[in-house]
Amino acid sequence: MNTSYHSSIQRQFEYYKSLGDKTFAQISEEHFFWQVNEESNSIAIIAKHIAGNMLSRWTNFLTEDGEKSWRNRDGEFVNSFTTKEEVIAYWEQGWDCLFTAINPLTEDDLEKIVYIRNQGHSVVEAINRQLCHYSYHIGQLVFLGKMMQNENWKSLSIPRNASKNFNAEKFSEEKERKHFTEDL
């Protein structure tokens, strides 16, 4: 399938993965495990939850319920990692599962019905649901990373006080149709 939607969602997922990856690259191992308080989640815990969700939702995506019997969602909110590398390896496993599921989708697959906890979704609805869920949590990762890095944070978008120059550059170019991530 080479539809505009399919290409767009692939790029959107790649974009959100890159925000997590770029956050991970900026923070120390200690920061992966830091929590504001007992009720808050560390970056490691948020990454574990995202990857656990991905493994459940995208394994046998078209043929099995997205909430697998083997998933331990509550366990996703308990840190079981000891190193930054372990967190990143699990993060990568989740993303590999996602891309393995969405990359081969066909036009005919988009209207199929898949289930999450016995609730039917079109494939498009299920993809959109997960895209929103992951962007929500990746925003939390970025926020925590930025908070911990403070003045050492390297912006993942338009840096503060740089909007005017950024926009001037964009508006000096010819109009064209392309995905916003092509310039990142």
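The structure holds 7 salt bridges. The model is predicted. The exercises below start from these pairs.

**Exercise 1. Trace the salt-bridge network that contains Glu67.**

Step 1. Start with Arg57. Its side chain meets that of Glu67 in a salt bridge, at 2.7 Å from N to O. Arg57 belongs to helix α3 (residues 43-58), and Glu67 to the loop between α3 and α4 (84-102), so the pair ties together parts 10 residues apart in sequence.

Step 2. Check the cover of both partners. Buried means under 20% relative accessible area. Arg57 has 5%, so Arg57 is buried. Glu67 has 22% and counts as partly exposed.

Step 3. Look for another partner of Glu67. The side chain of Arg117 meets Glu67 in a salt bridge of 3.2 Å, N to O. Arg117 sits in the loop between β1 (113-116) and β2 (119-122), while Glu67 is in the loop between α3 and α4, so this pair ties together parts 50 residues apart in sequence. Arg117, at 45% relative accessibility, is partly exposed.

Step 4. Salt bridges with shared partners join Arg57, Glu67, Arg71, Glu76 and Arg117. One of the links is Glu76 to Arg71, whose closest N and O atoms are 2.7 Å apart. Glu76 and Arg71 are both buried.

**Exercise 2. Find the largest cavity and name its lining.**

Step 1. Search the whole structure. The search finds 1 cavity of 30 Å³ or more. The largest cavity holds about 30 Å³ of space.

Step 2. List the lining. The residues are Arg57, Phe61, Gly66, Tyr115, Ile116, Ala126 and Gln130. Arg57 also takes part in the salt bridge with Glu67.

Step 3. Assign elements. β1 and α5 each give at least two residues to this lining.

**Exercise 3. Describe the largest pocket.**

Step 1. Take the volume. About 500 Å³ of space lies in the largest pocket.

Step 2. Take the lining. There are 19 lining residues; Phe166, Lys170, Lys178, Phe180 and Asp183 lie nearest the centre.

Step 3. Assign elements. α1 (4-26) and α6 (163-171) each supply at least two residues of the lining.

**Exercise 4. Compare the span of α5 with the expected value, then follow the chain past its end.**

Step 1. Count and span. α5 has 27 residues and reaches 38 Å from first C-alpha to last.

Step 2. Compare. At 1.5 Å a residue, 39 Å is expected, and the span of α5 is close to that.

Step 3. Move on. Asn150 follows α5, with a positive phi near 50°.

**Exercise 5. Locate the nonpolar surface patch that includes Phe143.**

Step 1. Test its exposure. Exposed means over 50% relative accessible area. Phe143 has 55%, so Phe143 is exposed.

**Exercise 6. How far apart are Asp65 and Glu30 in sequence and in space?**

Step 1. Read both separations. Asp65 and Glu30 are 35 residues apart in sequence. Their C-alpha atoms are 36 Å apart in space.

Terms used
Residues numbered from 1 in each chain as written. Predicted model: local features only at pLDDT ≥ 70, side-chain atom pairs only at ≥ 80, totals over all residues. Heavy atoms only, no water. Patch = residues over 30% accessible without salt bridge, like charges linked within 9 Å, V, L, I, M, F, W, Y side chains within 5 Å. Areas by Shrake-Rupley, 256 points an atom, 1.4 Å probe, with all protein chains shown as cover. Salt bridge = Lys/Arg side-chain N within 4 Å of Asp/Glu carboxyl O. Buried < 20%, exposed > 50% of the residue type's maximum accessible area, 1.4 Å probe, protein only. Helix = DSSP H or I, 4+ residues; strand = E, 2+ residues; numbered from the N terminus. Expected span 1.5 Å × (residues − 1). 1 Å grid on protein atoms, 1.4 Å probe; cavity = no way out; pocket = protein on both sides within 12 Å on 5 of 7 lines; lining within 4 Å. Points joined across faces, edges and corners; volume = space filled by probe spheres on them.
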